[in-house]
Amino acid sequence: MTGPLDILIVGGGIAGCSAAIALANRGHRIRLVEKQAVWKFQSSGIFVYANGLVSLEELGLLDGILAAGFAIPGGRNAYYDHTGKPIVETVYPTAAEGRIPAILGIKRAELHRVMAGRVADLGIPMRLGTTVTALSEVSDKTTATFSDGTTSTHDLVIAADGVNSSMRQMIGVTKKPRYTGFGVWRSVHPRPVDLRVKVMMMGPGKRFGIMPISDDKLYTFGTLAEPKGKHFPHEDWPDLMRAKFAEFKGPATPYLEELSHGSEILFTAVQEVVLPLPWHRGRVVLIGDAAHASTPFMGQGGAMAMQDALVLADAIDRNPGLEEALTAFGQARLPVCQFVQDVSRAVGDAGAREHAGQLDARDAELRLTAQTNVDQFYERLADLTDSSDLHQ
Ligand SMILES: Cc1cc2nc3c(=O)[nH]c(=O)nc-3n(C[C@H](O)[C@H](O)[C@H](O)COP(=O)(O)OP(=O)(O)OC[C@H]3O[C@@H](n4cnc5c(N)ncnc54)[C@H](O)[C@@H]3O)c2cc1C
């Protein structure tokens, strides 16, 4: 498209910050509004695999992220059973001929600090404590009314307001997020210096992982089936997390024992968003979790949000009009995001169906197939990502 666009981004999470940076770097005029009055990211860790680190490099953030997180030497992932018996080790693929690490753990708040810091450095106006309450299309522009009663008019509005997006509803997409049946319990702990590998423990219908996120911290994550709508009082979280994963021993034991009222613990009931195209209506486009939230079993939601931002920026550059650009964006991204959603859902569902009598067979199968599964997933993901690359 010719000339810079006036773009409003709603939501300053991974997708919103990435879009702000990618589009400002191409000369567009960006404004960002974020519902939270003060940046507050629930404390826990996040994985970023090589494909996400490639996007961070393209956004100019890789060095800051590598400094703030912990890249696993050799991309090693060690599987154990829930008693602490080793099963098998796998290795995740690096990128850029080994220059970009295979997997990095980082505190969610640190990832945000680096991203929001760059948004601020680029001089992008960012209004916290603000949401959009109404949208109206006027000829070739969209006017947004904000929660403080002010309005502004834009060529494009990017809805990056996460899994429970209110923008999605505002543009008439009635499909609601689906509760997946899974809960995830996460906690942050001091990291012993010799823990330099991602640990994945396979319990009966449950998983418990341990991942370094900095030189001195790690996080644990436990997944299991949880009934819909279940509320757990905050003060019970340490005891509940310890009890729900009590069968996990070996590497898990010190962290489960360490849980206390002073621990950083987070429970999340996992939802997914499966939307057919188009992901836009008029001049408003959904990106990130607002368009395609996934279960977390492949650790790819953040990477998908960053790639959305970069592909959207390319689509705007390369198409003569906004409708063509937004259509091209959705068509490029749907196959990649759907693949991640489908594999992630299948991994989660297979784990939840397990019962105690199947564990030996599962471990034997894992020894035979774990590395092939990793390789096949990343090869297919790379193929799909390459074919969605609008540079080509
Ligand atoms: C348990 C769990 C574990 C995960 N682990 C990983 C992992 O290891 N690796 C990974 O890559 N991904 C992981 N994910 C997925 C990842 O967190 C998401 O895919 C990613 O955060 C999506 O980014 P987003 O910007 O679209 O949404 P979000 O990060 O949710 O950001 C949305 C932003 O919009 C703001 N907002 C909301 N509503 C409004 C509004 N009306 N107006 C203005 N602002 C608004 C919010 O405050 C927030 O700042 C995990 C997800 C879950 C649930």
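User: Why is Met170 called partly exposed?

Analyst: Keep in mind that this is a predicted model. Met170 has 19 C-beta neighbours inside 10 Å. Buried takes 20 or more, and exposed takes 12 or fewer. A count of 19 falls in between, so Met170 is partly exposed. You'll find Met170 in helix H5, residues 166-170. Its C-alpha is 33 Å from that of Ile265, which is 95 residues away along the chain.

User: What makes Ala96 and Glu97 exposed or buried?

Analyst: Ala96 has 11 other C-beta atoms within 10 Å, and Glu97 has 6. Exposed means 12 or fewer, so Ala96 is exposed, and so is Glu97. Ala96 sits in the loop between strand E6 (86-91) and E7, and Glu97 is in the loop between E6 and E7 too.

User: How do you know that the peptide bond between Leu277 and Pro278 is cis?

Analyst: Look at omega: it is about 0° for the bond joining Leu277 and Pro278. Most peptide bonds are trans. Pro278 belongs to the loop between E17 and E18.

User: How does the length of helix H4 compare with what is expected?

Analyst: H4 covers residues 108-121, which makes 14 residues. From first C-alpha to last, H4 reaches 20 Å, close to the 20 Å expected at 1.5 Å a residue. Its buried residues include Leu111, Val114, Met115 and Val119. Among the elements covering the buried residues of H4 are helix H1 (14-25), helix H3 (62-68) and strand E7 (103-107).

User: Why are E8 and E18 called edge strands?

Analyst: The open sheet of six strands is ordered E8-E2-E1-E12-E19-E18, with mixed pairing. E8 and E18 each have a single partner strand, so one side of each has no neighbour in the sheet.

User: What makes E18 and E19 a pair?

Analyst: Pairing takes at least two bridges, and two join E18 to E19, so E18 and E19 pair. They run antiparallel, and Arg281 has Val284 in E19 as its bridge partner.

User: Which strands are at the edges of the sheet of three?

Analyst: The order of this open sheet is E3-E7-E4, with antiparallel pairing. E3 and E4 are at the edges, because each has a single partner strand and one side left without a neighbour in the sheet. Two bridges join E4 to E7, and Phe70 has Gly105 in E7 as its bridge partner. Helix H2 (residues 50-58) lies across E3 and E7, at about 85° to E3.

User: What makes up the shell around the ligand?

Analyst: The ligand is surrounded by 32 residues, and the closest are Gly11, Gly13, Gly288, Gly301 and Gly302. The shell divides into 14 nonpolar, 14 polar and four charged residues. H9 gives the most, with four residues.

Terms used
Residues are numbered from 1 along each chain as its sequence is written. This is a predicted model: local features need pLDDT of at least 70, side-chain atom pairs count only at pLDDT 80 or more; totals for chains, interfaces and linings use all residues. The expected span of a helix is 1.5 Å times one less than its number of residues. Two residues are in contact if their C-beta atoms, placed from the backbone, lie within 7 Å. A residue is near a molecule or strand if its C-beta atom, placed from the backbone, lies within 6 Å of it. Ala, Val, Leu, Ile, Met, Phe, Trp, Tyr, Cys and Pro count as nonpolar, Asp, Glu, Lys and Arg as charged, and the others, Gly among them, as polar. Axes are lines fitted to C-alpha atoms, for helices over the stretch in contact, and angles run from 0 to 180 degrees between N-to-C directions.
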